[in-house]
Amino acid sequence: MIDSSRIVEMDVTSAKFFQRFNGNVNTGIIYSKGNQSTQYSLGSQVTYPRERWAAGASFSSTLSASTGTSASTRNQLDVDVLHLMRWNNWFDEGLGIFLQSTEQGIIRQGTFGGGMGRYLTNTNAARISVLAGFGGQNTDYAQNIAPQSLAAGLIAAKLQFFRFNKTNANLSAALLPAISEPGRVKFNANATYYIKLTGNLSWNVSFYGNWDSRPPNNLSGSDYGSSSGLSWTFGNK
């Protein structure tokens with residue numbers, strides 16, 4: 001015989017699990033008849049906070065296409081896991097960054113790293129943290145360029161500012177000075193500003209950027225851009 005009370009208990013547990021997720025989904029599109037160009041952006045961010053640890057992931061995708069030219073695409077996925085240490089405001093964190101960029105000729109790039117960090121500010125109005133550690137990166141390039149692997153230092157920062165029911169802003173950045181190739185530095189940043197419209201609906205303006213001080217021959221050392229569109233939030237975000 002099926003235990004109905006057990007089914008109810010499992011449903012309640014499952015509901016509580018999913019209610020702990022916070023996040024948003026962003027989207028935007030621009031079309032120009034003059035040169036038959038289309039630009040779209042899609043992004044998502046989700047976090048799973050607990051008392052002493054948290055996990056998160058974010059995804060951003062852009063595409064730009066116009067008549068007579070090849071489409072330009074960029075896709076980035078970030079994941080991280082953070083654990084609070086017993087000392088106030090200190091934490092250890094592991095992260096992964098996965099990138100594809102036609103502008104920089106990057107077919108696949110995986111960055112993995114971790115280190116120790118500290119919250120400089122952690123209030124209901126602002127949350128600012130810094131992290132220092134080490135990382136490694138593997139990149140597959142286009143144009144028959146040999147894959148590259150780097151060992152690097154890692155310096156990362158996250159800034160979040162809140163004005164509940166009005167606006168909020170997020171900024172994340174990571175600097176990787178190469179150890180295995182002295183003098184080479186890589187940097188990436190993502191920022192989004194939200195203006196609440198109504199309910200869970202907001203308007204967002206986003207910026208992304210990637211820089212490489214010493215890219216392979218004939219490839220661009222940078223890829224950056226901005227977009228705007230609607231956002232839908234869920235959870236306590």
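Which residues does Leu95 touch, not counting residues up to four places away in sequence? In this predicted model, where local features need pLDDT of at least 70, side-chain atom pairs count only at pLDDT 80 or more, and totals for chains, interfaces and linings use all residues, Leu95 touches Val79, Asp80, Thr111, Phe112, Gly113, Leu131 and Leu154, a contact being defined by heavy atoms within 4.5 Å. Residues are numbered from 1 along each chain as its sequence is written, and side-chain values use heavy atoms, with hydrogens and water left out.

**Nonpolar core**

Leu95 also belongs to the largest nonpolar core, whose 11 residues are Leu82, Phe91, Leu95, Ile97, Tyr119, Leu131, Ala152, Leu154, Ala156, Ala174 and Leu176. Strand 5 (90-101), strand 8 (148-163) and strand 9 each supply at least two residues of this core, strands being DSSP runs of E with at least two residues, numbered from the N terminus. A nonpolar core is here a set of buried Ala, Val, Leu, Ile, Met, Phe, Trp, Tyr and Cys residues joined through side-chain atoms within 4.5 Å, and buried means under 20% relative accessible area, exposed over 50%, and partly exposed in between, with a 1.4 Å probe and protein chains only. In soluble globular proteins, nonpolar side chains tend to be buried together.

**The loop residue Ala178**

Ala178 lies in the loop between strand 9 (167-177) and strand 10 (185-198), and it counts as buried because its relative accessibility is 11%. Leaving aside residues up to four places away in sequence, Ala178 touches Leu150, Ala151, Ala152 and Arg184; of these contacts, Ala152 is a residue of the nonpolar core described above.

**Aromatic pairs**

A search of the whole structure finds 7 aromatic pairs, where rings of Phe, Tyr and Trp (its six-membered ring) pair if their centres lie within 6.5 Å, and planes under 30 degrees apart count as stacked, over 60 as edge-to-face and the rest as tilted. Two of the tilted pairs are set out below.

| Pair | Centre to centre | Angle between planes |
|---|---|---|
| Tyr48 and Trp53 | 5.8 Å | 45° |
| Phe187 and Trp211 | 5.8 Å | 35° |

Tyr48 is buried because its relative accessible area is 10%, whereas Trp53, at 38%, counts as partly exposed; together with Phe21, Tyr48 and Trp53 form one aromatic cluster. The other tabulated pair links distant parts of the chain, with Phe187 in strand 10 and Trp211 in strand 11 (residues 201-212), 24 residues apart. Phe187 is partly exposed at 32% relative accessibility, and Trp211 is partly exposed with a relative accessible area of 31%.

Conventions: Helix = DSSP H or I, 4+ residues; strand = E, 2+ residues; numbered from the N terminus.
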